[in-house]
Amino acid sequence: RVAPMERKSIGRKLGACGSVAAQPGTTHSVSVAVETRVIHVLVAPGEFVHDGDPVTEGEPSAAAKLQLQQAQTAAQAAQNSLKQSQQKFNLNLATNQELDAAKKAAADAQAQLTSMERAGAGGYHRVRSDATGIIAKVDVQNGQIVPPGGPLVEIVLEEQIEVQLVVEPEALPWLHQQQPAAMF
C-alpha cells in the first residue's frame with residue numbers, strides 16, 4: 001500500500017517480566033468489627049479494587065447474634081428503669097442523682113446496641129474496601145468464622161504499588177528514566 005510520508009517517532013515494544021510489590025508495612029487490612037461468618041469471598045489476589053467495592057459477604061456468628069440480643073435486652077431494661085426513676089422523681093421519691101444515673105445507663109445501653117447494629121451484628125452484610133489498590137492477600141475462606149478485628153483481605157494501596165521488571169541486556173539502550181510503560 002502506498003501512504004503519504006509523515007514524520008513520527010517509531011515505537012518499540014520491549015518484553016519484560018517481573019512482579020508487583022509493595023514496600024514493607026504499606027499494606028492496608030480490611031477487617032470486621034464483630035465476629036462474622038464469611039458467606040462469600042468476592043475478590044482474589046491481584047484484583048484491583050476501589051474504595052467502597054465489596055470484598056466479602058457475611059453474617060454475624062451465633063455468638064455475635066447472642067451479644068446483639070443481650071444488648072437489645074439491656075437497652076430495653078435500661079429504658080424501663082429510666083421510666084421508673086422518672087416516675088419516682090416526679091413523686092419526690094428519687095433524687096436528681098438517681099435520675100441522672102438511670103439516664104446515663106439508658107444512654108450507654110442504647111449506644112452499645114447502636115454500635116453493634118452498625119458493625120453488622122444485625123444480619124447479612126457486605127464488607128466493603130475502604131481503600132483503593134490491589135488485593136495482596138485474601139485471609140479468609142467461605143464459611144470461616146472471623147473474630148472481631150480479624151483481617152479479611154490485605155490491600156496494597158494504589159500510591160504504594162511498585163512494579164519491578166527484568167529486561168534483557170540488549171534492551172537497555174532503548175530504556176530511559178520516567179519512560180511510560182503499559183501492561184499487556
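**A quick tour**

Visitor: Buried or exposed, what share of the 184 residues in the chain is buried?
Guide: Buried residues make up 24% of the 184. Keep in mind that this is a predicted model.

Visitor: What about the surface?
Guide: The chain exposes about 13,000 Å². Carbon and sulfur atoms supply 52% of that area.

Visitor: What radius of gyration does the chain have, and what would a compact globule have?
Guide: The chain has 28 Å. A compact globule of 184 residues would be near 16 Å. The C-alpha trace spans about 100 × 35 × 35 Å along its principal axes.

Visitor: How many helices and strands does the chain have?
Guide: Two helices and ten strands. From the N terminus, the order is β-β-β-β-β-α-α-β-β-β-β-β.

Visitor: And the contacts in the chain? How many of those with a separation of 6 or more join residues 24 or more positions apart?
Guide: 76% of them.

Visitor: Let's do sheets. Which strands pair up with β5 and β6?
Guide: They belong to an open sheet of four strands, in the order β6-β5-β3-β8, with antiparallel pairing. Strands β6 and β8 (145-146) stand at the edges, each with a single partner strand, so one side of each is left without a neighbour in the sheet.

Visitor: How many bridges hold β5 and β6 together?
Guide: Four, between β5 (residues 54-60) and β6, in the antiparallel sense.

Visitor: You mentioned T56. Is that residue buried or exposed?
Guide: T56 counts as buried, because its relative accessibility is 2% and the cut-off for buried is under 20%. T56 lies in strand β5.

Visitor: What does T56 touch, leaving aside its neighbours within four places in sequence?
Guide: T56 is in contact with H40, V41, L42, H125, R126, V127, V140 and L152.

Visitor: Which strands form the other open sheet?
Guide: Four strands, in the order β2-β9-β7-β4, with antiparallel pairing. Here β2 (27-31) and β4 (48-49) stand at the edges, each with a single partner strand, so one side of each has no neighbour in the sheet.

Visitor: How many bridges pair β4 with β7?
Guide: Two, between β4 and β7 (residues 133-138), running antiparallel. V49 has G133 in β7 as its bridge partner.

Visitor: New topic. Where is W174?
Guide: W174 is in the segment after β10 (161-166). W174 counts as partly exposed, because its relative accessibility is 41% and that class runs between 20% and 50%.

Visitor: What does W174 contact, setting aside neighbours within four places in sequence?
Guide: W174 is in contact with R12, L14 and Q179.

Visitor: How far apart are W174 and A74?
Guide: They are 71 Å apart in space, C-alpha to C-alpha. In sequence, they are 100 residues apart.

Visitor: Where is N92?
Guide: N92 is in the loop between α1 (62-90) and α2 (96-121). N92 is exposed, with a relative accessible area of 71%.

Visitor: And Q178, where is that found?
Guide: Q178 is in the segment after β10. Q178 is exposed, with a relative accessible area of 79%.

Visitor: Last one, charges. How many positive and negative side chains are there?
Guide: There are 15 positive and 19 negative side chains. The centres of the two sets lie 6 Å apart.

Definitions and conventions. Residues are numbered from 1 along each chain as its sequence is written. This is a predicted model: local features need pLDDT of at least 70, side-chain atom pairs count only at pLDDT 80 or more; totals for chains, interfaces and linings use all residues. Side-chain values use heavy atoms; hydrogens and water are left out. The radius of gyration is taken over C-alpha atoms; the globule rule is 2.2 Å times the number of residues to the power 0.38. Buried means under 20% relative accessible area, exposed over 50%, partly exposed in between (1.4 Å probe, protein chains only). Contact means heavy atoms within 4.5 Å. Accessible areas come from the Shrake-Rupley method with a 1.4 Å probe; for residues, only the protein chains shown count as cover. Lys and Arg count as positive and Asp and Glu as negative; His and the chain ends are not counted. The place of a charge is taken as NZ of Lys, CZ of Arg, CG of Asp or CD of Glu. Two strands pair if DSSP finds at least two bridges between them.
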